[in-house]
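Trainee: I am new to this protein. Please take one part and walk me through it closely.

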Amino acid sequence: MNDVVEKISKVFTDTGKAVSEKTKQVGEVTKLNSRISSSERAITENYIAIGKYYYENYRTNPDAEVAEEVNAIAASIDSIVEMKAQILMLKGMVKCVKCGAECPIDDVYCGKCGAVLEKPEPIVEEPMVEENAAVPEEVVVIDTDDTSEE
């Protein structure tokens, strides 16, 4: 009977050691995966920093291989600026060119720095005309009223 108890005890001990070893391995793998992810994020941030540096310094004269991407970035930046201006107008606000504070559009001076606020020009939306659309001819109104004095 002692042999059976010893065998069971040995199985539990061996199983416990195996579980402990596997747990330790999982912990190490998790740590390494975390360090890999951290290093990959650092690489991505550095790629972004290099790209931003290149864009800021060579956007007016980019290499031919990246000119399309540089132009796409410039177009996106312009679009974002325009959309932010539209948002401000919808909110009835203007941005102070001196300090960047958002101020009510009716204010003359910035409430934060006191600078004179520049008012945006109203956006004039042109009616959309389809290509090949027929342009109406001028309509002439003829007065047919016979009540004129003679």
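Trainee: In which helix does Ile 8 lie?

Mentor: Ile 8 lies in helix 1, residues 2–58. Helices here are DSSP runs of H or I with at least four residues, strands are E runs of at least two, and both are numbered from the N terminus. A word on the source: this is a predicted model, where local features need pLDDT of at least 70, side-chain atom pairs count only at pLDDT 80 or more, and totals for chains, interfaces and linings use all residues. Residues are numbered from 1 along each chain as its sequence is written, and side-chain values use heavy atoms, leaving out hydrogens and water.

Now the residue itself. Ile 8 counts as partly exposed because its relative accessibility is 45%. Buried means under 20% relative accessible area, exposed over 50%, and partly exposed in between, with a 1.4 Å probe and protein chains only. Ile 8 also forms a nonpolar patch on the surface with Val 4 and Phe 12. Together they have about 320 Å² of accessible area. Nonpolar side chains are joined within 5 Å, like charges within 9 Å. Areas come from the Shrake-Rupley method with a 1.4 Å probe.

Step back to the whole protein. It has two helices and two strands. From the N terminus on, they run α-α-β-β. Buried residues make up 8% of its 150 residues. The protein exposes about 14000 Å², and carbon and sulfur atoms supply 56% of that.

How values were computed. Patch = residues over 30% accessible without salt bridge, like charges linked within 9 Å, V, L, I, M, F, W, Y side chains within 5 Å. Salt bridge = Lys/Arg side-chain N within 4 Å of Asp/Glu carboxyl O.
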